[in-house]
Structures are given as structure tokens and as C-alpha cells.
Protein chains: 2
Amino acid sequence: MDIRNEIPVRDIERFFTKALEFSATARSLILSMLLAGFEVKRKPDQSFVTTADLRVEELLRELIERDFPDHGIIGEEYPPTRPEAPFQWVMDPIDGTEDFVQRMPAFGSILALHYRGEPVVGVIDHPVLDIRVSAAFGMGAYHNGRHVTLPDLDPDAIDGTERVMLPSRANFTKHRDDGRLFDAVARAHPNHRIYRTCFTHTCAILGMADAAIDYGNPIWDFAASRILIEEAGGKFLNVREWDVPLYRRVYGSIMGKPTLVDRLSMLFNQ
Amino acid sequence: MDIRNEIPVRDIERFFTKALEFSATARSLILSMLLAGFEVKRKPDQSFVTTADLRVEELLRELIERDFPDHGIIGEEYPPTRPEAPFQWVMDPIDGTEDFVQRMPAFGSILALHYRGEPVVGVIDHPVLDIRVSAAFGMGAYHNGRHVTLPDLDPDAIDGTERVMLPSRANFTKHRDDGRLFDAVARAHPNHRIYRTCFTHTCAILGMADAAIDYGNPIWDFAASRILIEEAGGKFLNVREWDVPLYRRVYGSIMGKPTLVDRLSMLFNQ
């Protein structure tokens, strides 16, 4: 049995409502900081961090602490709190910080609630694009509040025209030498797009793309996506998982229309 | 001497003003058709065309005919008019029709005026993103009406972190077998993004990316980009040009920060 069935429905409803409220508040702060300006720094791993990433995560942590003082929090920019709690909020305040810095609109804000490792609520918000996808266990998936479902793809339509969102080649080479895997996927599915943010997940969730692959990223980058894609009627598959020394655990996942997700997973099993 | 110096400045100003007016009118129609809905068909080459592409091109042609009855028009969806005229308006009413159909926001509308083959005015408009880039010969480049300039990139910064917008692998294989060129570029510049619309050109023009490569596309896809990038202070380089039997002439081009454009061009000269 699915452990999430232990959670009373009225609790899930409350978590979902709160997550949407938190996400809306984060969006306001992000948009105001885009207008007002922010500072940019490099982290030890050479990735970007801005005062906006930090302030948005601080804001979300405050809101969660206030409403759910016994829940844990895992975020990109600060150490975990209450790691032993059954409920864990997982967030990436600004996913695609490099795009945010360059004012490319596809960055997003990720917020999820997990229960004993299983996702219960997921929200991906794109402030500039005015697109928010959200889902809660047993309650469906939503695009700006409107219910969405994902049809499957006819296997005959996997003829090279299928639309696949890919990670960059850098995703395959930054932690280990998997560049050939990128080459194989790009060759097999030439109608690909690479955005380098969670907007690729959003595209798969909304059926704008038939599937999305992400690779070599930590837990928060995927935290909202499984519940979002599953509640929409799609499939989420973890195809890789490994510890990067001096960094953290990273994952490779495929999400989207089930037939295509299965087909794509074959490239990772060779 | 540059042949465009023959054109009186007040004429260029008028062309520029009109092009911006035409682009704004096209944007309104595109946004209204996104709301109202449109029909989708496949063209003989299997690419998408919608009633929105057709109606936007019809609208632009009407506006141009009314104001510039002696100018020629080259567009994606209808045959050329007055091909012998020195002034030619070149357009792709919706570039990225597949994205438009899927409601992915990065599609754009391209409009340019050429004089004896040289670009005089260029506009790329992204209705959903609310981003319009525009430029006219000798008058600079603009982002939503605000003057923009592109700094060059320090050669030492070309270390794998440079941001390059790429065409998909399908662009390299649809007309001929240049897939290995894609593989080489993707390997050499792993911090790449692939959007499959003229938004990649816009990113290069605005410095959101350091450079953009486009490949295997007809004249209208590039029609506005050279004047836009050059007026912003960047460099535009045509690296390929060939006739596709039963289709038309297609091009491969690189645009962006000069130092990086030169570096990228080396991959095409091997």
C-alpha cells in the first residue's frame, strides 16, 4: 500500500493550499527583486547564487516554520532543518539561477512536500512566464489552477518528430564522463530542446513536450516533478542515482508520456 | 561603401517606425488567435502551419502594400510579390510554429526590410514573452524601445562556461548529413541551450547568451538578425549556404559577441 494513504485528506488539502500560497509569495519577491536588482556570486562549485536565491529561500523557510513547526526543510541554499521529521519541505528557490541572472524567462521556483520520502505536494512556478503547475497526492495536477491531464503517445508517433526536452551535455560531463549518453539521446531524438531549467519538467507535465530528461542534479531539482507528472497521468522514472564526492547525491530521471518514457529509458539501460 | 548609405535617413526612420507598428499589430492578432484558437495543418515538408501563420502573414502583407506599394514582399507562407523591387520586406509571421501550437512561449514573429540584399530594418517580436528587439541601419538596437549594446567576451572566458544557443541536431540532419557538426559544437560548448525558435537570436542580441548558431533554415529565419546583432555591436557570420532540391536556399549562421562568433566559426571551417 502507498504510505501516503496514511495522511488524512484534509491535511493534504491544507498542505496543498499552503504550498500554493507560499509559491505565490515567493513569486512576488522574485519579481520585485528582478526589478530592484540583486547581487550575483559564484558558489564553490562555480555555479551562480544571487541575493534573490538566498532571500527567497529565507522567506519560504519562515513561512513553513510558522505554519508547520514540526516539519523538516531541505533547500539548496541553507542546511537542512529537522532531518528526522516525517514531513519534509524540499525547495529550490530559483532553479536556473544563470538564466535568472541573464533575465532569460525560463527559470522557475520549486517547492514540494515529501512524506517519508514520497512526494505529497509539488509546485513549479515560473514568475516571468506566469505559469504555475501544481499537484497533490490523489488530487490531480493543475496549470494556473486549471485541471490538466496528459494523454499517452502512440508508439508509432515515436518517429523522430517526438518532442523531448534534454539536459545539456554539461549535465552529463560535470560529475562523470557520460557525454556519450548525451550524444546517443540527441541522435535518437533529434527534435529536442534544451532549456537548462525546470521549465523542461513543466513542458512535460503540460504536454508541451512529450517527455523530459534531467541528469546529474540534486534532489530539490526533481522534488516537485514526480507528483506533478504522476497526478497528470504521466510517468516518472529514476534512471540513475549516485553520490558525487564532496558534493551530494545526484539523480537522472525521465518524465512524460509513459510510452516515450519507457522508450527513452532503454537508452539508459544499455 | 555600404549601399545602405544611399537611403535617406528620414526614409530609414519612416521604415523603422512602420516596421514597429506592423509588428505591434501582428502581435495583437497572434495573441488574440492564441486565445480564440486556430487550425493546425502539416505542410508538404511535414512542418506545421496554422491558420494563425496564414492570417498574420496576410495582415502584414496588407499593411505593407498599403504603405509601401512599390516594395516587394518575401514571406514563408505566400509567394513573393515584386521580386525585382530594390526594397524587400522579409517575414516569418510565426517562427517556431510547433512551439506556438504547443503553447510554448518562445515562438516569435520576424519582420525585416532589405535594400538590394542588405538589411535596413529588423524586428523580432515575442508576443507571449513581451519582448521585442528592433534595429535600423545606423540607428542602434532596442529592447522594448530601450537602446541596447552588446559587450564583447573576454577570450579567457571561453572556457566551457560560455552560453551558446544551438539549433537542434535535426537542423543538421534534415537537409544533409551534418550531424557530426552538431556533435562537435555540443561537445566544444557544453553550456548550450536549444530552443528551436528565433528566441535564440534574441538571446544573442540582448546578451542573454554569448552567441547563437542557427542552421539549415531559409532566408526569413535570419532576415532580421544580422541588422539586429550588428546594430547592437555584435557580429553576424554566414558560415553555410546551399540550395536544397525541391525546397529552397538554406543558411547556417553564427551571431553574437565577436570573439565567440569567430571561435565558433572555426568549427565550421574544419
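## Helix pair in chain B

Helices (H or I, at least four residues) and strands (E, at least two) are DSSP runs, numbered from the N terminus. In this predicted model, local features need pLDDT of at least 70, side-chain atom pairs count only at pLDDT 80 or more, and totals for chains, interfaces and linings use all residues. Residues are numbered from 1 along each chain as its sequence is written, while chains are lettered from A and ligands numbered from 1 in the order in which they are written.

Helix 6 (residues 199–206) and helix 8 (residues 225–232) of chain B pack at about 15 degrees, with axes 9 Å apart. Axes are lines fitted to C-alpha atoms, for helices over the stretch in contact, and angles run from 0 to 180 degrees between N-to-C directions. Helix 6 and helix 8 of chain B are therefore roughly parallel (angles under 35 degrees).

## Residues between the helices

From helix 6 of chain B come His201(B), Ala204(B) and Ile205(B). They meet Ser225(B), Leu228(B), Ile229(B) and Ala232(B) of helix 8. Contact requires C-beta atoms, placed from the backbone, within 7 Å. Five of these residues are nonpolar, two polar and none charged. Ala, Val, Leu, Ile, Met, Phe, Trp, Tyr, Cys and Pro count as nonpolar, Asp, Glu, Lys and Arg as charged, and the others, Gly among them, as polar.

## Where the chains touch

Chain B and chain A each give 22 residues to their contact. On the chain B side, helix 5 (179–188) is one of the elements giving two or more residues. Helix 5 of chain B gives the most, with four. This side has 10 nonpolar, six polar and six charged residues.

## Confidence

The predictor gives the complex an ipTM of 0.96 and a pTM of 0.97.

Key:
Parallel < 35°, antiparallel > 145°, perpendicular 65-115°, else oblique. Contact = placed C-beta atoms within 7 Å.
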